[in-house]
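User: Hello! I would like to learn how to read a protein structure, one feature at a time. Could you guide me through this one?

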Amino acid sequence: MKKKHVLKGMTLVEVMVSLVILSVLVAMSSAMIIISMNLLLKNARMRDAQNNGNSIYEFIERKLEYAVSLKITNTDEKNEITGVYTEKIYIKDGVIALGCDPSDVSVPKDVLDKRTICSTQMLRGADYDISFSQGEEPEKIYLTVSIKRENEVVYERSGMIRFLNYEYCSDETVSNLEADTQMSGDMIISYSYFE
């Protein structure tokens, strides 16, 4: 007598249970992947803000530490900047530009692009704030750079800029800032070096 081979397979219940277990495992792993990707994106934005903030701070610090005269004015002031200032940094309409006004329509776009140090477009949706205040001593000025994303400060750096050529200044003070005042927002930073 011949033996019959009975093929054993999985029942419908076993298939359904294994599919449920597999779908739970996939859902848990996809949630972990999404959380990891969000953390990576947040860290990348934080690093980006730190790099941009450090670049802005160090650029202004390098430009001003050898200055022998400095004048910081709001852009809405009607007064012309008087005095001998050889260079200017414009902080206006979300753009930091060296030597040319970003709101001046007569400046060609390619020139403005070459002179732009930073803009809110470069910060990918973040916004920056730069403020100055006079130090206790006339040869010191305090600079603060902060970067905000969605009304949350993601970067802030404050420090003192010491005017290294202070002894060559003709005035008693290098800057026009009064003690205990703070200047922020749109501004023009005019400065000159020792000749």
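Predicted model: local features only at pLDDT ≥ 70, side-chain atom pairs only at ≥ 80, totals over all residues.

User: Which elements make up the protein chain, and in what order do they run?

Analyst: The chain holds 2 helices and 9 strands. Starting at the N terminus, the order is α-β-β-β-α-β-β-β-β-β-β.

User: How do I read a sheet, and which strands form the one with β9?

Analyst: The general idea is that strands of a sheet pair through backbone hydrogen bonds, either parallel or antiparallel. Here, 5 strands form an open sheet with antiparallel pairing, in the order β1-β9-β2-β3-β4. At its edges lie β1 (67–74) and β4 (116–119), each of which pairs on one side only. On average, neighbouring strands of this sheet are turned by 10 degrees against each other, direction ignored.

User: What packs on this sheet?

Analyst: Helix α1 (residues 12–64) does, and it touches β1, β2, β3, β4 and β9 (187–193). The direction of α1 makes about 40 degrees with that of β9.

User: How many bridges join β1 to β9, and how many pair β2 with β9?

Analyst: β1 and β9 run antiparallel and are joined by 7 bridges. One of the residue pairs to look for is Lys-71 with its bridge partner Ser-190 in β9. On the other pairing, β2 and β9 are antiparallel over 5 bridges, and Glu-87 has Tyr-191 of β9 as its bridge partner.

User: What should I look for inside the protein, and which residues have the most contacts in the largest nonpolar core?

Analyst: As a general idea, in soluble globular proteins nonpolar side chains tend to be buried together. In this model the largest nonpolar core has 31 residues, and Ile-130, Phe-132 and Ile-189 have the most contacts inside it. Two or more residues come from each of α1, β1, β2, β3, β5 (127–134), β6, β7 (152–162) and β9. Helix α1 gives the most, with 6 residues. A second, separate core of 5 residues includes Val-95, Ala-97, Cys-100 and Leu-112.

User: Which residues does Ile-130 touch?

Analyst: Leaving aside residues up to four places away in sequence, its contacts include Ile-56, Ile-60, Ile-91, Ile-96, Leu-143 and Met-187.

User: Is Ser-146 buried or exposed?

Analyst: Buried means under 20% relative accessible area. Ser-146 has 5% relative accessibility, so it counts as buried. Ser-146 sits in strand β6 (residues 140–149). Not counting residues up to four places away in sequence, Ser-146 touches Asp-127, Tyr-128, Asp-129, Tyr-155 and Glu-156. From Ser-146 to Ser-131 there are 15 residues in sequence and 8.8 Å in space, C-alpha to C-alpha.

User: Finally, how many disulfides does the whole structure have?

Analyst: A disulfide is a covalent bond between the sulfur atoms of two cysteines. A search of the whole structure finds 0 of them. Among the cysteines, Cys-100 is buried because its relative accessibility is 9%, and Cys-118 is buried with a relative accessible area of 3%.

Definitions and conventions
Residues numbered from 1 in each chain as written. Heavy atoms only, no water. Helix = DSSP H or I, 4+ residues; strand = E, 2+ residues; numbered from the N terminus. Disulfide = S-S within 2.5 Å. Buried < 20%, exposed > 50% of the residue type's maximum accessible area, 1.4 Å probe, protein only. Pairing = 2+ DSSP bridges. Axes fitted to C-alpha atoms, helices over the stretch in contact; angles between N-to-C directions. Contact = heavy atoms within 4.5 Å. Core = buried A, V, L, I, M, F, W, Y, C linked by side-chain atoms within 4.5 Å.
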